[in-house]
Structure formats: structure tokens, C-alpha cells
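Here are some friendly notes to read alongside the model. Take them in order, with the structure open beside you.

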Amino acid sequence: MTPILFYGVPAGCSFGSIVALEWLQMPYRLCRIDMAGDDIRSEAYQQINPVAETPSLATGDGRLVAESMAILNHLAPQGAEKGLGFLQGTAAFDRLNQMLAFLNTALFDGFSPLWHAYEHGVEGEAKAALAAYAQAKLQAAHAQLERMLGEGPYLLGESRTLADAYFYGIARWAEYHGVPDRSAFPRLQELFDRLAEDPAVHFAAGVEAGEEATSTGGFRGHVRLEAALEELGLA
């Protein structure tokens, strides 16, 4: 079967997996999951992901993989010839895995208090406390990531990797929440601006917005959740 990525809207971290699939040029389909509505909590989607989160990937042989890090590490060997990913057991794979882990545990986690306030309608002093906590975590994560950058234009050097796709999908949340001020980290800002011009990023943004978007990869169209379940033998 053609793989299916179950991606979340609005502003899901699955954005990075869409960009990664576009860069890999492999055939894939998308299934849109509304994280603010009934989709994410439905019994139907919980057959795909029991913890009711996105992204999830149905692989070509019908297996289900959840969590961005796991999906990107699953895809990484398929990008080895393009330098987008690497074979497990190599030093390059370890560097990629380390960067993905940092982005997940430091950068992603830094935004968590802000998303909690947004999703649960927190106001007043509690909201201010969460915002201050998030600001401190994000300032530290950005400073650490700025130090981790080498001499090349991308996270791991001269060429983009799947880590850059994941980075952009998370880093764009700064525009949504208004923190942190990325201009205080010039090399990260340069990386963000560089990725913002990438056709795959434009495509993912269009898909997320529900607009007509032009794929430069292997996109084969959207599939409804019910149809995906039937194809996977879960209906």
C-alpha cells in the first residue's frame, strides 16, 4: 500500500513529517486529523494511535508508527542516498538521532506550557506563570541549539536532513505564541528563514491551511480516516 501520514491541524508537529516525505520524494498519502475537534478523540483514530496524538504513519506494509521521532527515524534510511537520513549504526545516524532527541526534549517541550494554556483556556496569573516558565525554557533551548550549530547552513552541516524538517515544524510556533524572540539567535534565524523558502515547507503550510498546494515530492492525495481504517483492516 502507499504509506499514509495522519497529520494534525492546527499547527501540528506533524508538519515536519510532511516536509520530510516531500524531500524524500517517496509516494505517500495524507489523512487530516482535527486536533481541536472530534477526530483526535474518536474511537476510529484511537485504532491508529491509542494515545490520540499526531503524527502517525501507516507504512507501506501496513504497520503503524507513532511519534515524530520514531517516524523520522523510520524514514531516515530511505533518505540515505540523498543525505537526508542515514543508516542505523553509522556515526551520521547517531548525530541525526541526537539532534532529533534534542529538538523533541528541549525545543518541543519548551512550547508545552504555552500550548497547555491555549488548549485549556488558562487565564490570569496562571497563564502569566506558564508564559514565564515557557519563555525561560525556550530561551535556554534556543541558546543551546545556537551553540550546537556547526559551520554549515543546516543543523548537521552543509546539507539539509530530516532534523531540519522537524526543526521548522516546531520553531514556527514562536510566530504563533510570540515567544521567544528568535532574532536574538541570528544563526537559528538564518536557518529558519532559509527553510521558510523551501518548496516542501510551502506545500506543508498549504496542506495544513486546507488550500490547494503543489507537491514537489510523491504526494498521492488525501484519504479519509474511515477509508484508511478499511485499507488497514481496522474498520
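In what order do the five strands form the open sheet?

1. The order is 4-3-1-2-5, and the pairing is mixed. Strands here are DSSP runs of E with at least two residues, helices are runs of H or I with at least four residues, and both are numbered from the N terminus. Two strands pair if DSSP finds at least two bridges between them. At the edges stand strand 4 (64-66) and strand 5 (218-222), each with a single partner strand, so one side of each has no neighbour in the sheet. From one strand to the next, the twist averages 30°.

2. A word on the basis of these notes: this is a predicted model, in which local features need pLDDT of at least 70, side-chain atom pairs count only at pLDDT 80 or more, and totals for chains, interfaces and linings use all residues. Residues are numbered from 1 along each chain as its sequence is written, and side-chain values use heavy atoms, with hydrogens and water left out.

3. Now look at strand 5 and its partner. Strand 2 (residues 27-34) and strand 5 run parallel and are joined by three bridges. Pro27 is found opposite Gly218 of strand 5. Helix 9 (residues 199-208) lies across strand 1 (4-9), strand 2 and strand 5, and runs at about 40° to strand 2. Axes are lines fitted to C-alpha atoms, for helices over the stretch in contact, and angles run from 0 to 180 degrees between N-to-C directions.

4. How do helix 5 and helix 8 lie to each other, roughly parallel or roughly perpendicular? The axes of helix 5 (residues 124-148) and helix 8 cross at roughly 85° and come within 8 Å. The two helices are therefore roughly perpendicular (angles of 65 to 115 degrees; under 35 is roughly parallel, over 145 roughly antiparallel, and the rest oblique). Helix 5 brings His142, Leu145 and Glu146 to the contact, while helix 8 brings Pro186, Arg187 and Leu188. Contact means heavy atoms within 4.5 Å. By class, three of these residues are nonpolar, one is polar and two are charged (Ala, Val, Leu, Ile, Met, Phe, Trp, Tyr, Cys and Pro are nonpolar; Asp, Glu, Lys and Arg are charged; the others, Gly among them, are polar).

5. Gln189 sits in helix 8 (residues 186-196). Leaving aside residues up to four places away in sequence, Gln189 touches Arg182 and Ser183. Gln189 and Glu119 are 70 residues apart in sequence, and their C-alpha atoms are 27 Å apart in space.

6. How many salt bridges does the structure hold? There are eight, each a side-chain nitrogen of Lys or Arg within 4 Å of a carboxyl oxygen of Asp or Glu. One of them joins Asp198 and Arg160 at 2.7 Å, N to O. Asp198 is in the loop between helix 8 and helix 9 and Arg160 in the loop between helix 5 and helix 6 (162-171), so the pair ties together parts 38 residues apart in sequence. Asp198 is buried at 11% relative accessibility, and Arg160 is partly exposed at 28%. Buried means under 20% relative accessible area, exposed over 50%, and partly exposed in between, with a 1.4 Å probe and protein chains only.

7. Arg182, which touches Gln189, also forms a salt bridge with Glu175, with the closest N and O atoms 2.9 Å apart. Arg182 is buried at 3%, whereas Glu175 is exposed at 51%.
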